[in-house]
Amino acid sequence: MKKCVIFIIDGLGDRPNEKRLTPLKEAKTPTMDRMAKEGICGLMNAIDIGIRPGSDTAHLSILGYNPYEVYTGRGPLEAYGVGLDLKEGDVAFRCNFATVDENFVVLDRRAGRIGPEEAKILEKEIDGLEIDGVKVIFKSSNGYRGALVLRGEGLSYKVSDGDPHKVGVKVNEIKPLDDSEEAKKTAEILNKLLKIVYERLNNHPINIERRKKGLPPANIILPRGAGIVPKIEKFSEKYNMRGACICGTGLIKGIAKMIGLDCIEVEGANGTPNTNFMGKAKALVEALKEYDFVLVNVKGADEASHDGNYNLKKEVIEKIDKMLSYVLEHINKDEVYFVLTGDHSTPIEMKDHSADPVPIVIWGKSVRTDDVKEFNEFSCAKGALHWIRGEHVMKILLDLTGRNEKFGA
Ligand code: ZN
Ligand code: ZN
């Protein structure tokens with residue numbers, strides 16, 4: 001059976017500068033250009049025209065999951081990302097360990113960037129609590145960050161953030177965002193939980209030690225980004241393919257785990273412009289020996305864009321081109337279909353995601369070609385694929401790899 005790869009350069013697209021250039025247009029990308037020449041090109045909006053996607057909603061859409069159905073907030077992805085085993089109906093939040101005074105005024109939103117060892121000990125004071133019949137599950141990740149899950153009957157994700165997102169003000173009282181009993185109950189439980197957490201953590205030996213060292217105590221958690229764990233069809237059932245994911249960021253790992261893709265860990269893959277590019281390229285080649293489908297996300301170009309760093313974005317794109325060169329050298333070209341694209345544009349001038357479509361090329365044996373010879377925002381606009389939405393990508397791959405059924409006689 002044929003295999004497929006979706007290779008996402010995060011934040012790839014851009015808007016032209018005064019010289020009519022973008023980082024992608026200016027970057028030296030012989031391999032991407034070769035793929036454009038040999039493949040079929042176009043433009044893509046991951047969700048739709050005029051929609052500025054997050055990386056999470058964009059990836060879901062490109063993988064064929066309707067984000068308007070399965071995405072209610074970032075919490076569940078964070079919780080999947082830290083390795084929690086979630087159930088449909090769980091309500092999940094992103095969390096920070098933080099420092100508050102006795103009046104719940106936030107003094108440090110990251111509790112002095114408390115390290116993972118101390119956080120793991122404090123985690124035990126929260127994980128496993130039960131409030132009004134609802135189970136509290138909490139797991140820290142990499143120090144001050146963590147995920148909080150509420151499990152039980154009659155919960156809702158329609159509640160406000162406890163995190164005030166700044167220091168010098170009180171922790172927000174969590175409020176229901178609609179009139180339902182479920183939202184009211186969930187907000188009440190969370191407000192009770194924060195009081196219990198403060199009581200249990202404020203004079204915990206770890207925090208007594210931290211105060212002695214002049215460090216801020218981690219005596220509260222600040223939940224935000226509530227979302228409900230959806231009923232979701234696993235990737236392997238939906239597409240009849242064994243799938244894997246290679247990425248350095250927790251958010252994308254969360255998506256992969258939610259839909260049942262195996263996450264392949266690559267040393268030094270950290271979701272920054274200094275990631276282990278070639279390690280990821282080698283992991284992709286290896287993964288294709290075992291899996292039918294591999295999703296790759298390389299985050300660095302998006303990071304550079306959020307910092308408004310044009311040259312760094314260009315450099316990251318050039319490094320990704322070298323990854324692709326290695327990959328094309330080492331795979332069986334008759335067997336693998338390759339989609340190269342971005343999840344959204346992150347224009348340098350905006351330092352944030354925009355709704356501008358991204359270039360896309362589909363490359364592989366017997367793919368129809370067009371006259372496009374370079375991979376960038378301008379030339380791909382002339383490609384034979386024209387304009388597609390993210391939801392079309394998997395459908396095209398299923399067709400190219402002979403996995404879709406005929407409609408009609
Ligand atoms: Zn993104
Ligand atoms: Zn971004």
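**Figure 1. The second largest pocket holds about 220 Å³ of space.** The model is predicted; local features need pLDDT of at least 70, side-chain atom pairs count only at pLDDT 80 or more, and totals for chains, interfaces and linings use all residues. Residues are numbered from 1 along each chain as its sequence is written, chains are lettered from A and ligands numbered from 1 in the order written, and side-chain values use heavy atoms, without hydrogens or water. A pocket is an open set of points on a 1 Å grid over the protein atoms alone, where a 1.4 Å probe fits, with protein on both sides within 12 Å along at least five of seven lines. Its volume is the space filled by probe spheres set on the points, which are joined across faces, edges and corners. Lining residues have an atom within 4 Å of a point. Here they number 16, and Ser61, Gly64, Tyr65, Asn66 and Glu391 lie nearest the centre.

**Figure 2. Helices in the lining of the second largest pocket.** H4 (67-70), H9 (235-239) and H14 (391-400) each supply at least two residues. H14 has the largest share, four residues. Helices (H or I, at least four residues) and strands (E, at least two) are DSSP runs numbered from the N terminus. By class, the lining has eight nonpolar, three polar and five charged residues. Ala, Val, Leu, Ile, Met, Phe, Trp, Tyr, Cys and Pro count as nonpolar; Asp, Glu, Lys and Arg as charged; the others, Gly among them, as polar.

Figure 3. Of its 33 lining residues, Arg74, Glu78, Arg145, Gly250 and Leu251 are the closest to the centre. H10 gives the most, five residues. The lining counts four nonpolar, 14 polar and 15 charged residues.

Figure 4. Donors are N, O and S atoms within 2.8 Å of the metal (3.2 Å for Na, K and Ca); water is not among the atoms, so sites may look incomplete. Asp343 and His344 are both buried (under 20% relative accessible area, 1.4 Å probe, protein chains only). The zinc ion (ligand 2) is 4.6 Å from the zinc ion (ligand 1).

Key
Buried < 20%, exposed > 50% of the residue type's maximum accessible area, 1.4 Å probe, protein only.
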